[in-house]
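Here is a short briefing on one protein chain. Have the sequence and the coordinates open as you read.

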Amino acid sequence: PYQPLRAKDGLIIVAVANPALWVRFCEAMERPEWRDDPRFTTNTDRVAHRDALKQAIEAVFAGFTVDELTSRFQAKQVPCGRVRSIGEALEHPQVIPRQILMTQPHPRIGTVETLAPVVRLSRTPADVTLPPPTLGEHTKEVLDGLPSRVS
């Protein structure tokens, strides 16, 4: 599993990207039968039986909150995280120290708050030089750049 999955009170994403993580995932959920199920032995098997695996996992996850699952996975070092709405994400305590939001002047509507570039590279930092476009502002340029269609 490498996807969002439904728990009792929301979605949690897990990243079980290798065999060791799969073993730890099964241990965290106390489900040795998943680890030993021939449909789920290898990553290729799990992908081939993704629907059955997702149903089995979500049936068990339904009995747990996202926080409970997160605690279990963190104890076994399985990457995971709550899937948040945009509002919840913007209320997260790390938004301010990570400078996730930025303000910039907009020629039509004044100062706007937008998302800052997420990737922060020391030698090639992102530089936001343009404000968010207005609706349809670049439509002509985009369409002009498309290859002509032959009917």
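The points below run from the whole chain to single residues.

This is a predicted model. The protein has 7 helices and 5 strands. Its radius of gyration is 22 Å, while a compact globule of 151 residues would come near 15 Å. Of the 151 residues, 25% count as buried.

**Fold and overall dimensions**

- The order of elements along the sequence is β-β-α-α-α-α-α-β-α-β-β-α.
- Along the principal axes, the C-alpha atoms fill a box of roughly 60 × 50 × 35 Å.

**Surface and charge**

- The side chains include 19 positive and 18 negative ones.
- The centres of these two charge sets lie 3 Å apart.

**The largest nonpolar core**

- In soluble globular proteins, nonpolar side chains tend to be buried together.
- The largest nonpolar core here holds 22 residues.
- W22, F25, M29, W34, F61, L69 and F73 touch the most other members of this core.
- Two or more residues each come from strand 1 (2-7), strand 2 (10-15), helix 1, helix 4 (50-61) and helix 5 (66-75).
- Helix 1 gives the most to this core, with 5 residues.

**F61, in helix 4**

- F61 lies in helix 4.
- F61 counts as buried because its relative accessibility is 0%, and the cut-off for buried is under 20%.
- Beyond four places in sequence, F61 touches L5, R6, A7, K8, I12, F25, M29, L69 and F73.
- P107 is 46 residues from F61 along the chain, and their C-alpha atoms are separated by 49 Å.

- L69 sits in helix 5.
- L69 is buried, because its relative accessibility is 0%.
- Outside its four-place sequence neighbourhood, L69 touches A7, I12, M29, F61 and F64.
- L69 and G110 are 41 residues apart in sequence, and 44 Å apart from C-alpha to C-alpha.
- F73 touches I12, V14, F25, A28, M29, F61, V78 and C80, again not counting residues up to four places away.
- I12, M29 and F61 are among the contacts of L69, and they are also among those of F73.

**Exposed residues in strands**

- Y2 is found in strand 1.
- Y2 counts as exposed because its relative accessibility is 56%, and exposed means over 50%.
- With neighbours within four places set aside, Y2 is in contact with V14, A15, V16 and A17.
- Y2 and I13 are 11 residues apart along the chain, with C-alpha atoms separated by 7.1 Å.
- T111 belongs to strand 5 (residues 110-115).
- T111 is exposed too, because its relative accessible area is 62%.
- T111 is in contact with T103, Q104 and P105, leaving aside neighbours within four places in sequence.
- T111 and P131 are 20 residues apart along the chain, and their C-alpha atoms are separated by 9.5 Å.

- E30 is not a glycine, yet its phi is positive at about 55°.
- E30 is in the loop between helix 1 (19-28) and helix 2 (32-36).
- E30 counts as exposed because its relative accessibility is 58%.
- Q99 is another non-glycine residue with a positive phi, of about 50°.
- Q99 is in the loop between helix 6 (86-90) and strand 4 (101-106).
- Q99 is exposed because its relative accessible area is 54%.

Methods. Residues numbered from 1 in each chain as written. Predicted model: local features only at pLDDT ≥ 70, side-chain atom pairs only at ≥ 80, totals over all residues. Heavy atoms only, no water. Helix = DSSP H or I, 4+ residues; strand = E, 2+ residues; numbered from the N terminus. Rg over C-alpha atoms; globule rule 2.2 N^0.38 Å. Buried < 20%, exposed > 50% of the residue type's maximum accessible area, 1.4 Å probe, protein only. Lys, Arg positive; Asp, Glu negative; His and termini not counted. Charge placed at Lys NZ, Arg CZ, Asp CG, Glu CD. Core = buried A, V, L, I, M, F, W, Y, C linked by side-chain atoms within 4.5 Å. Contact = heavy atoms within 4.5 Å.
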